[in-house]
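Dear colleague,

Please find below the structure that I am handing over to you. My findings follow directly after it.

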Amino acid sequence: MRNVWHIYRREIGTFFTTPMAYVVMTLFTIIANVFFYVRTTQFVQEYANATLMAQMRGMPPDMNFNATELIVAFMFYQMGVVLLFLVPMLTMRLFAEENQMGTIELLLTCPVRDIEVILGKFLAALSVCAVVFAISIVYPLWLSFQTALETGPILTGYLGLLLLASAFVGIGIFFSSITENQIVAGALTFATLLFLWLLAALVQTNTVESGLTEFLSSASIILRFQNFAQGVVNLGDALYYLSVTGFALFLTVNVLDSKVH
Amino acid sequence: MIEVQNLTKQYGEITAVNGISFRVEKGEILGLLGPNGAGKSTTMKILTGFLPATSGQALVAGHNVATESLQARRHIGYMPENTPLYPNMTVRRYLTFMASLKGVTARERSRAVAAAMESTGTTHVANRLIKHLSKGYRQRVGLAQAIVSDPDILILDEPTIGLDPTQIIEIRHLISAMAQRRTVILSSHILPEVSEVCERVVIINRGQVVASETTKGLARQLQKTQQVLIEARGDRVAIEKVLREAAPVRAVTFERGGTAEGSHRFRVDSGSEHDLRAELARAVVGAGHDLLHLEEHTLSLEEIFVQLIRTESKREAA
């Protein structure tokens, strides 16, 4: 396991000495910022309107306006969408570049297990995601000075984001391992993530049969995430993300095992 | 130290390596020689555990490379073809990274890296990015990476390809120095390189071993007939006649490029191991011609190589 650490350190070094990590962090922060601003403004207006209406009717102000649910949960959902675009950018390089430069041959002929190489790279990419999430804590933090927030759903939201990111990164690493071309790796990853995401949309159209609906919604990578964002931690949901991650990494081990370059 | 038995590797329809067997003893330097695409790199990739063999087996330091890959790999320092490196790392960072993956402990690491840079002459570029180094220096860094964990076996795939003549000589010296305490397999398609560095050569063509010999023995084995190069001054036809009649010879051929005014060069093939030199000299002088030069011609390794490959291809075509 010491080898995982060596690989991890090199990858982190590469992320932060090349522009990629900074590009991803900047993009994420800008997009999250816009969503947060828009949502918060909307919320404030709706809240003001509702309070005004209540006063006119001579009733007490509506207590159903919950900032945690209406702003933070929404923010988590949007961060998930942003991840869909950003994870392929982070993972596309990881193996494709080594395949292309031929350094994979050096790496795999060192006395290191394939899984150690994979885990090192996986954890490095996941760490960059974690850094990005850490930056986004400023929004709920700022909000908590303005209004009361529940800590529970915020924590589970971040847990969900991490699990979602780990499944995404796993898929990204797999596609990076099967090609020498970073663009191909990124495109395949994005297409796959988008497909898993859109399963949710299929469910919402209500046009498919009910058995299929059930299957689709359990396979959809986003419907399960909404539970976390709303403060519901379900063991099944967590297992879903972990098994997607595990399966993707398992496939990657097999790819490395049968390298025929 | 290294034992290869009946190794075969197929990529789909194509057979890259076809039943290769050879042994390398401890401390030996073996040259793997063959034209491009002969299966040298594939053999090396199997030995280093990067590719699985289709059939047959290979033992490195007593470990089967397929079933005990990790143990086998611990003994090997490998430099793949074209020396892949991480361009955005400094030499020192790169070597430290490789040392850590090869199990050099944290305490030993900086000393091991310093020693590897010292013996490859890369100490003064330690803090430069690899992408800013010349091809010769990258090759040195590749060698440094191979020896950083002080392995007892070195496997070097075309270590001098793409270098200029001075760099080639430098790298060759480096390899000779590194080989003193180690077992080395080195591949090349350039003969002088192998004959200068290696004690023994395995020649591979189309995935098969064509010859396995010491460099000296190889020349002896192939040169069954004596050839004499002779240069004399006088009438060309007359000299040729004298040479033909001097001794039982198989062929006398006229060659271009006399070195003096009115001189002619001939190649005399004795057709046997019989030494013709004295008889030829006497005959030429006796007939009143000036003998300017006489020399026994030994086949160069290039000629042997080409000859071997040609007979092998002919046999296959038949």
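In this predicted model, a network of salt bridges links A:Arg10, A:Glu11, A:Arg93, A:Glu97, A:Glu98 and A:Lys121. One of the contacts formed by these residues is the salt bridge between A:Glu97 and A:Arg93, in which the closest N and O atoms are 3.3 Å apart. The two residues belong to helix 3 (residues 67–101) of chain A, where they are 4 residues apart, about one turn of the helix. Both A:Glu97 and A:Arg93 are buried.

Over all chains, the search of the whole structure gives 21 salt bridges. Two of those in chain B may be of interest to you. In the salt bridge of B:Arg200 with B:Glu28, the closest N and O atoms lie 2.6 Å apart. B:Arg200 is part of strand 9 (residues 200–205) of chain B, while B:Glu28 sits in the loop between strand 2 (14–24) and strand 3 (29–33) of chain B, so the pair ties together parts that are 172 residues apart in sequence. B:Arg200 and B:Glu28 are both buried.

The other salt bridge joins B:Arg244 to B:Glu240, with 3.0 Å between the closest N and O atoms. Here both partners lie in helix 9 (residues 236–246) of chain B, 4 residues apart, about one turn of the helix. B:Arg244 is partly exposed because its relative accessible area is 43%, whereas B:Glu240, at 17% relative accessibility, counts as buried; the cut-off for buried is under 20%.

Chain A contains 11 helices and 0 strands. Of its 261 residues, 51% are buried, and its C-alpha atoms fill a box of roughly 75 × 45 × 30 Å along the principal axes. A:Tyr37 is located in helix 2 (residues 20–56) of chain A and counts as exposed because its relative accessibility is 57%, the cut-off for exposed being over 50%.

For chain B, the domain assignment gives domain 1 (1–75 + 152–222), domain 2 (84–149) and domain 3 (224–296). The centres of domain 2 and domain 3 of chain B, taken over C-alpha atoms, are separated by 57 Å.

I also examined strand 7 (residues 153–157) of chain B. Of its 5 residues, 5 are buried, so this strand is largely enclosed by the rest of the structure. Both of its faces are covered, with B:Ile153, B:Ile155 and B:Asp157 on one side and B:Leu154 and B:Leu156 on the other. Strand 7 of chain B pairs in the parallel sense with strand 6 (residues 76–79) of chain B over 4 bridges, and B:Leu154 is the bridge partner of B:Gly77. Strand 7 also runs parallel to strand 8 (residues 183–188) of chain B, to which 5 bridges join it; in this pairing, B:Leu156 stands opposite B:Leu186. Together with helix 6 (residues 165–178) of chain B, strands 7 and 8 of chain B make a right-handed β-α-β unit.

Lastly, B:Gly271 is found in the loop between strand 13 (263–269) and helix 10 (277–286) of chain B. With a relative accessibility of 34%, B:Gly271 counts as partly exposed. B:Gly271 and B:Ala251 are 20 residues apart in sequence, and their C-alpha atoms are 7.8 Å apart in space.

Yours sincerely

Key. Residues numbered from 1 in each chain as written. Chains lettered and ligands numbered in written order. Predicted model: local features only at pLDDT ≥ 70, side-chain atom pairs only at ≥ 80, totals over all residues. Heavy atoms only, no water. Buried < 20%, exposed > 50% of the residue type's maximum accessible area, 1.4 Å probe, protein only. Pairing = 2+ DSSP bridges. Right-handed = clockwise from strand over helix to strand, strands pointing away. Domains from an automatic or database assignment. Salt bridge = Lys/Arg side-chain N within 4 Å of Asp/Glu carboxyl O.
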